[in-house]
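Thanks for sitting down with this one. Let's go through the site around the ligand together, one question at a time.

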Amino acid sequence: MEVQSAIYTGWRHVFKLDPDREISDDRLDAICMSGTDAVIVGGSTGVTFDNTVDLMSRIRRYEVPCALEVSNEEAAVPGFDHYFIPLVLNTDKAEWLAGRQIQALRKFGAFIPWESTSAEGYLILNEDAQAAKLTGAQAGLDPESVAAHIYMADRLMHLPVIYMEYSGRFGDMELVKKALRLVTGARLFYGGGIDDAEKAKQAAAAAHTVIVGNVIYDDLDAALSTVEAVRTTATPIL
Ligand code: 1GP
């Protein structure tokens with residue numbers, strides 16, 4: 001189990017940037033200077049070593065903590081503050097749970113900065129999300145199944161992070177709150193469809209950490225408004 005002082009323990013608001021999407025210097029400046037707690041670099045497709053290095057070096061001009069979600073081994077770039085290794089929990093395609101990860105560890109296990117690397121148990125809950133299609137996730141889980149996955153991730157596997165992923169669609173906040181009530185050791189990340197301050201507040205009241213992605217590219221002002229919205233929402237206490 002990880003110590004509670006892990007870098008992400010205090011993160012309430014995070015922007016997620018996709019190396020496969022263009023972002024101008026001005027926009028990146030606004031994101032990195034926004035007061036967000038961290039930037040995560042990650043994406044489902046088109047993530048390469050080159051576009052990851054490029055984005056990392058641009059973010060590195062700023063003080064904001066920067067983590068990489070390692071979704072393929074070719075894009076495992078050194079120099080980030082933290083690394084998240086996604087394990088997709090709600091798929092029956094084992095390659096996404098402990099297949100590709102094992103292959104990568106065979107090659108790179110001895111070189112991984114373990115003190116700054118965490119497993120991230122993904123529950124992908126929007127069947128239209130690219131990540132759901134890619135991994136064959138069974139996104140339409142009923143509340144009992146979500147609870148079972150939380151027990152598995154939190155109590156049995158002791159994963160430090162559980163990520164309820166609705167990428168592209170705002171999720172069911174009641175379900176997220178229910179999941180949070182079951183979590184004992186993990187930090188609960190929520191991401192998906194946050195495109196204004198009101199949704200950011202709702203998510204911040206339901207999960208430990210709120211992740212904002214797409215709207216950065218669609219409506220920068222709306223994206224920036226989510227930082228203050230999350231900061232002024234009390235952390236859910238159990
Ligand atoms: C994606 O959870 C993040 O991995 C954020 O989702 O892009 O829908 O904001 P959105």
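The questions below move from the ligand to the residues around it. This is a predicted model, in which local features need pLDDT of at least 70 and side-chain atom pairs count only at pLDDT 80 or more, while totals for chains, interfaces and linings use all residues. Residues are numbered from 1 along each chain as its sequence is written, and side-chain values use heavy atoms, with hydrogens and water left out.

Q: Which residues are around the ligand?
A: A residue is near a molecule if one of its heavy atoms lies within 4 Å of it. By that rule the residues around the ligand are Lys16, Tyr163, Glu165, Ser167, Gly168, Gly191, Gly192, Gly193, Ile211, Gly213 and Asn214.

Q: How many residues of the shell around the ligand are nonpolar, polar and charged?
A: Ala, Val, Leu, Ile, Met, Phe, Trp, Tyr, Cys and Pro count as nonpolar, Asp, Glu, Lys and Arg as charged, and the others, Gly among them, as polar. With this scheme the shell divides into two nonpolar, seven polar and two charged residues.

Q: Which side chain has a polar atom 2.8 Å from an oxygen atom of the ligand?
A: A polar contact is a pair of N or O atoms within 3.5 Å; within protein, one must be able to donate a hydrogen and the other to accept it, and residues adjacent in sequence count only if both atoms are side-chain atoms. The side chain with a polar atom at 2.8 Å is that of Lys16.

Q: What share of the ligand's accessible area does the protein cover?
A: Lys16 puts a polar side-chain atom 2.8 Å from a ligand oxygen. On its own, the ligand has 300 Å² of accessible area, and the protein covers 92% of it. Areas come from the Shrake-Rupley method with a 1.4 Å probe; for residues, only the protein chains shown count as cover. The share asked for is 92%.

Q: Is Met164 buried or exposed?
A: UniProt, in an unreviewed entry, includes Met164 among its "binding site" positions; such positions are given in the numbering used here, feature names are shortened, and annotations may be inferred rather than shown by experiment. Met164 sits in strand S6 (residues 161-165); helices (H or I, at least four residues) and strands (E, at least two) are DSSP runs, numbered from the N terminus. Buried means under 20% relative accessible area, exposed over 50%, and partly exposed in between (1.4 Å probe, protein chains only). Because its relative accessible area is 0%, Met164 counts as buried.

Q: Which side chain does the side chain of Arg21 meet in a polar contact at 2.6 Å?
A: Arg21 is in the loop between S1 and H1, and at 33% relative accessibility Arg21 is partly exposed. Contact means heavy atoms within 4.5 Å, and leaving aside neighbours within four places in sequence, Arg21 is in contact with Asn214, Tyr217 and Asp218. The partner of its side chain at 2.6 Å is the side chain of Asn214.

Q: Where does Asn214 lie?
A: Apart from neighbours within four places in sequence, Asn214 is in contact with Arg21 and Gly168. Asn214 is partly exposed because its relative accessibility is 37%. Its place is the loop between strand S8 (209-212) and helix H9 (215-218).

Q: What is the largest C-alpha distance between the positions Asp18 and Ser44?
A: UniProt places the feature "binding site" (unreviewed entry) at Asp18 and Ser44. They are spread over 27 residues of sequence but cluster in space, with a largest C-alpha distance of 8.5 Å.

Q: Which backbone nitrogen does the side chain of Asp18 reach at 2.8 Å?
A: Asp18 lies in the loop between strand S1 (13-17) and helix H1 (25-32). With a relative accessible area of 18%, Asp18 is buried. Its side chain reaches the backbone nitrogen of Asp20.

Q: Which backbone nitrogen lies 2.8 Å from a polar side-chain atom of Asn51?
A: Asn51 belongs to helix H2 (residues 49-59) and is buried, at 16% relative accessible area. The backbone nitrogen at 2.8 Å is that of Thr48.
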